[in-house]
Amino acid sequence: MNNLHTAILSARVLMVVVVLCLVGAVTPLSRAAAPLTIRIVNNSSLEISRLYLAPANSDDWGADQLGGVAISPGVTRTINVSWDQSSIKLVGEDQEGCFTTTTANASGELEWTITADSPRNCGH
């Protein structure tokens with residue numbers, strides 16, 4: 001009877017270990033904040049006065065990333081941020097108060113080109 005009890009206990013421990021391994025394999029790990037280089041190319045005719053970042057599925061924008069220095073038409077600006085999610089929403093506000101957005105994969109480096117044809121949300 002003692003050997004049977006030990007065998008049952010061992011089987012239960014093994015099952016718990018297997019379940020924990022499976023849960024660990026399918027549970028995504030949260031990403032640590034990683035450096036992200038964002039290059040904004042302003043090929044529009046309007047100055048980009050502010051740039052905001054948000055998680056891809058959120059409208060909870062962070063602080064302005066341009067630090068009060070606008071991106072003039074024809075100018076490219078590079079910023080470096082720490083980002084802990086796999087995708088990112090970029091929100092550019094132009095000199096007229098209209099917003100242009102894009103969502104991108106947030107890995108290493110990304111480039112966003114704003115053109116005269118980029119859709120704008122002016123609240124109308």
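Start with the open sheet of 3 strands: its order is β3-β1-β6, and the pairing is mixed. Strands here are DSSP runs of E, at least two residues, numbered from the N terminus. Two strands pair if DSSP finds at least two bridges between them. Which strands stand at the edges? They are β3 (76-83) and β6 (109-115); each has a single partner strand, so one side of each has no neighbour in the sheet. From one strand to the next, the twist averages 25 degrees. For that angle, axes are lines fitted to C-alpha atoms, and angles run from 0 to 180 degrees between N-to-C directions.

Now one pairing. β1, residues 34-43, runs antiparallel to β3 over 8 bridges. Within it, Arg 39 sits opposite Thr 78 in β3.

A word on the source. This is a predicted model: local features need pLDDT of at least 70, side-chain atom pairs count only at pLDDT 80 or more, and totals for chains, interfaces and linings use all residues. Residues are numbered from 1 along each chain as its sequence is written, and side-chain values use heavy atoms, with hydrogens and water left out.

Next, the aromatics. How many aromatic pairs does a search of the whole structure find? It finds 2. The rings are those of Phe, Tyr and Trp (its six-membered ring), with centres within 6.5 Å; planes under 30 degrees apart are stacked, over 60 edge-to-face, the rest tilted. Tyr 52 and Trp 61 are stacked, at 5.2 Å centre to centre and 25 degrees between the planes. Trp 61 and Phe 99 are tilted, at 5.2 Å and 55 degrees.

Buried or exposed? Buried is under 20% relative accessible area, exposed over 50%, partly exposed in between, with a 1.4 Å probe and protein chains only. Tyr 52 is buried at 13%. Trp 61 is partly exposed at 33%, and Phe 99 is partly exposed at 25%.

Last stop, Ser 49. Its place is strand β2, residues 48-55. Ser 49 is buried, at 17%. Beyond four places in sequence, its contacts (heavy atoms within 4.5 Å) include Asp 64, Leu 66 and Asp 94. A polar atom of the Ser 49 side chain lies 3.4 Å from the backbone oxygen of Asp 94.

Conventions: Helix = DSSP H or I, 4+ residues; strand = E, 2+ residues; numbered from the N terminus. Polar contact = N/O pair within 3.5 Å; in protein donor to acceptor, adjacent residues only side chain to side chain.
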